[in-house]
Amino acid sequence: MKRRVVITGIGVVAPNGATTEEFWDNSIAARSSVQHIPEHWLNYWQPQSRLWASLPTIDFDARGITRIERMQLDKSTILAILSAQEALTNARLPPKLTDEKKNLFSIEGFSGDRTGIFMGTGIGGISSFAQNEGNHILSPCSTLLQKKSLSPNDFSEVVHAPARFNPFAVSMAMPNSCSAILGIRFSITGPNRTLCNACASGTMAIGQAFEAISHGTADAALAGGAEYVADDYGGVFRGFDVAKTLVKQCADPQTANRPFDKKRSGFLFAEGGSAVLVLEELSQAKDRGAPIIAEVLSHAETFDAHSIMSIDASAKQIRRMILLALEKANVLPREIDYINAHGTSTEQNDEIEANTIESIFGTRPLINATKSLTGHTIGAAGAIETAVTALSIARKTTHACKNLDEPVRPLSFVTKPAMFDIRTAFTQSFAFGGHNAGLVLREYRA
Amino acid sequence: MDSVQVQDPLYEKTVAVVCEVLKVKPELVKLESHIKNDLGADSLDTVSLLMSLEDVFKEPISDETALTLETVGDVVAFINSRKNQVAAV
């Protein structure tokens, strides 16, 4: 018999908020993060897109990340730690320090063996890899220039070698660092998995955690996604830029990112982000008096088998994924009150997604796209959007779909926050490669 | 290596880094303290310590040099010698 699974804690770090409440308040107020990309990236190439969503300033010391850890962990892992710590604290499971030297914690009342970690990431420690590769390649160049009596300063704009090749280069770049470090830090010894499914990673990670708890493999889990893609040379940004997926220039950068709008031009690249949810089997959550935010009813995945970089215009497998998620949840399309869409602001995605939603759900459910506020946080996106979905159910309100003036389809897009009767909701993610994933969430009913 | 005095201005800074990385009390750290044998550093701690020293003193420490830095005094003497070399240029 399947067991019920509830969300009892949420932690978020996003471009428009360094904590869940800051992120939520800014989202409700339609405050997003849009800046020009770092000036020195232009030394390497002339990008078509010049905008990104940078992260807010974060006081890492104040949030328990030591200077030593900042040298030895990839930023995506650090963001995951921050959101995991916050999620645990919000779930009334504050981590207790057990090893000061190693900065390790335990969680009282939680069985480490029966708790899992399921983290999604698109490209893991790519920024750390790029940084160390920069040292590896460019340090000899600097030495050579000095030998030839040329000043490295003459070339410093492009020959920008980091000071050291980091001894932790491998462990920083491994995609599984994020889930492994969370397990080590919080003494969680159950199933520990890394989901690398590009932009659907976060949704799939939460889905896999849900399945594990539902089927009895674990009683609880930390699940979510983390990403950090700002390497010092802008190479990751260039990868998306050259694929012509990114938002184009416009007179007012604040309006460039506009999911589901007819004038959309591409997605807004985000520096990074993370969201971690505490999922628990219902009776465990009730026994310890946990704050129940929402219940996860189902998870479904399908695969396009179509193209490594393009969404299948027929949306056949997206449609199958949605119907599968509804069937598993025993929920009819008309019962879905709110959909947190993938909504990237790319020409193809938004049109295909809007048409698919309309064909299954009609025009009744409320729809928004959190990426209109955060930009695209790749492997963290699905987790951040699941957090928004859960909070929208719990708080009976949600954020607007920012910059949406002329919708591609006449759906019920949220134009301004208000009190909404959101009881059952759906969130979905699609990814490079062809991965589709969705989750049905509902308000908790005893 | 140059001789090292406890009142050396770099000594205090070095001890602070050692304490930060190895989580030992300052009163336990002496010039003659052996980083592995006396202060309990394992191989990972040693790597962390070297990275941290590089970061704080802005001095690269080569793998060859790292092998010679066994005591706190060795570290202070090395940093001192590097600073003196830079000053002499």
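Select residues 201-214 of chain A, helix α7, together with residues 381-395 of chain A, helix α13: in this predicted model, the two helices pack at an angle of about 65°, and their axes are 5 Å apart. That pair of values is how two packed helices are described: the angle between their axes and the distance between the axes.

Next, display the side chains at this crossing. On the α7(A) side, select A:S201, A:G202, A:T203, A:A205 and A:I206. Their counterparts in α13(A) are A:A381, A:G382, A:A383 and A:T386.

Now move to chain B and hide the rest. Its secondary structure consists of 4 helices and 0 strands, and the order from the N terminus is α-α-α-α. Of the 89 residues in chain B, 26% are buried. Among the contacts in chain B that link residues at least 6 apart in sequence, 60% join residues at least 24 apart.

Chain A supplies 7 residues and chain B supplies 10 residues. On the chain B side, which elements give two or more residues to the side that touches chain A? They are α1 (9-22) and α2 (43-57) of chain B. Select α2(B) in particular, as this helix gives the most to that side, with 6 residues.

Technical notes
Residues are numbered from 1 along each chain as its sequence is written. Chains are lettered from A and ligands numbered from 1 in the order in which they are written. This is a predicted model: local features need pLDDT of at least 70, side-chain atom pairs count only at pLDDT 80 or more; totals for chains, interfaces and linings use all residues. Two residues are in contact if their C-beta atoms, placed from the backbone, lie within 7 Å. Axes are lines fitted to C-alpha atoms, for helices over the stretch in contact, and angles run from 0 to 180 degrees between N-to-C directions. A residue is buried if 20 or more other C-beta atoms lie within 10 Å of its own, exposed if 12 or fewer, and partly exposed in between; C-beta atoms are placed from the backbone.
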